[in-house]
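Here is the note you asked for, written as numbered points to be followed with the structure open beside you. Please take the points in order.

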Amino acid sequence: MVIRTVDLRSDTVTKPTDAMRAAMASAEVEDDVLGSDPTAFRLESEIAMIMGKEAALFVPSGTMGNLISVLVHCETRGSEVILGDNSHIHIYENGGISTLGGVHPRTVKNNPDGTMDVDLIEAAIRDPDGELFYPTTRLICLENTQANCGGRCISIEYTDRVGALAKKHGLKLHIDGARIFNAAVALKVPVHRLVQAADSVSVCLSKGLGAPVGSIIVGSKGFITKAKRMRKALGGGMRQIGVLCAAAYVALQENIPKLQEDHRRAKALADGLNQIQGLKIDASTVETNMVFFDIVDASTISVVKLCKILEQHGILMMPVSSSSIRLVLHHQISDSDIQYTLSCVQRGVLQLQAEAYNK
Ligand SMILES: Cc1ncc(COP(=O)(O)O)c(C=O)c1O
């Protein structure tokens, strides 16, 4: 019998708190497609101000936030975007920028710290003199934190350098900031400064911030006007979204201060996993709320079997390969959940080692 649940698959799994549910129940709402939902307006104004941009727009998901942003920056078909080969936009968003927008992706290798070498980005920018043959580079995308690289933070200095490069070549800079607040908290910098060089940022409300649904994109007034049209074209214009924005507003107030604790617990989890014989993790790479750990001998400890054993104890994890597992912390994971997880992992590993030994 499962006695408790510790869901570490993602920070998207959080349930709305009582305060969020109460705010949703009493939210003042109107039709947002007609532009008059006061609760959406309050949330958008607040986030635009926090992010240091002129305007903001609520969208249903991070995927749609990125898609709208890329399509607005790359209005002409045959545009090209430079982005990381390990980026969420490139890997996990169904190739939407090409299938829906006719935008060509040009990938640059992501380093283990989530950056791309700036000289490689510059080398990937197409020479406008070759426009008879080449697509036209119009946009560079960064991801902060970089999820597939382990939730690594991209610094102000690096972002400013890429922003300066984009300006020099007449390009735009978009940041997939699904977890930008995690980055700002871990780097101890104001979030508006971190994204100062960006023309647009997509921020997920339903990840580290813990809201049930939604993302926000921010940028100039002109960018958001175009984004609103694109959102409608993609079917993302929704009516009484104040019920969702009310919960997100509570998340913004309640959960940003908790991110530091998520990061502390992620480090504690990484340190604890490192103590377990048969597991390996470079704890110095754990900067925010994500922990990726490796199985040293995957022939003895099968990722699938380990996850199955842990599931029987109510612990849910995300296998990412035959030898590694991803864990993501969020505000509904406590210190005691971490201790419980570590002791169950320890027992699971011992069980699998004993089974392999007795074969
Ligand atoms: C870095 C990053 N960007 C974008 C997204 C897309 O967000 P959504 O699942 O809301 O579409 C995710 C989702 O996990 C993500 O991790």
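Predicted model: local features only at pLDDT ≥ 70, side-chain atom pairs only at ≥ 80, totals over all residues.

1. As background, the strands of a sheet pair through backbone hydrogen bonds, and they do so either parallel or antiparallel.

2. These two strands belong to an open sheet of seven strands, in which the order is β2-β8-β7-β6-β5-β3-β4 and the pairing is mixed. At the edges are β2 (55–59) and β4 (104–108), each of which pairs on one side only. From one strand to the next, the twist averages 20°. Helix α2, made of residues 38–51, packs on this sheet and touches β2, β7 (200–204) and β8 (215–219), while the direction of the helix makes about 125° with that of β2.

3. Strand β3 deserves a careful look. It pairs with β5 in the parallel sense over four bridges, and Glu80 stands opposite Thr137 in β5. With β4, strand β3 also pairs in the parallel sense, over five bridges, and here Leu83 stands opposite Thr107. Why can β3 be described as largely enclosed by the rest of the structure? The reason is that six of the six residues of this strand, which spans residues 79–84, are buried.

4. Leaving aside residues up to four places away in sequence, Ile180 touches Asn144, Ile175, Val191, Leu194, Val195, Val201 and Val203.

5. The last point concerns Lys207, where an unreviewed UniProt entry places the feature "modified residue: N6-(pyridoxal phosphate)lysine". Lys207 lies in the loop between β7 and β8. Is this residue buried or exposed? Lys207 has 25 other C-beta atoms within 10 Å, and because the cut-off for a buried residue is 20 or more, Lys207 counts as buried. Again leaving aside residues up to four places away in sequence, Lys207 touches Asp11, Thr12, Ala178 and Arg179.

Conventions. Residues numbered from 1 in each chain as written. Contact = placed C-beta atoms within 7 Å. Pairing = 2+ DSSP bridges. Axes fitted to C-alpha atoms, helices over the stretch in contact; angles between N-to-C directions. Buried ≥ 20, exposed ≤ 12 C-beta atoms within 10 Å, placed from the backbone. UniProt positions renumbered as here; feature names shortened; annotations may be inferred.
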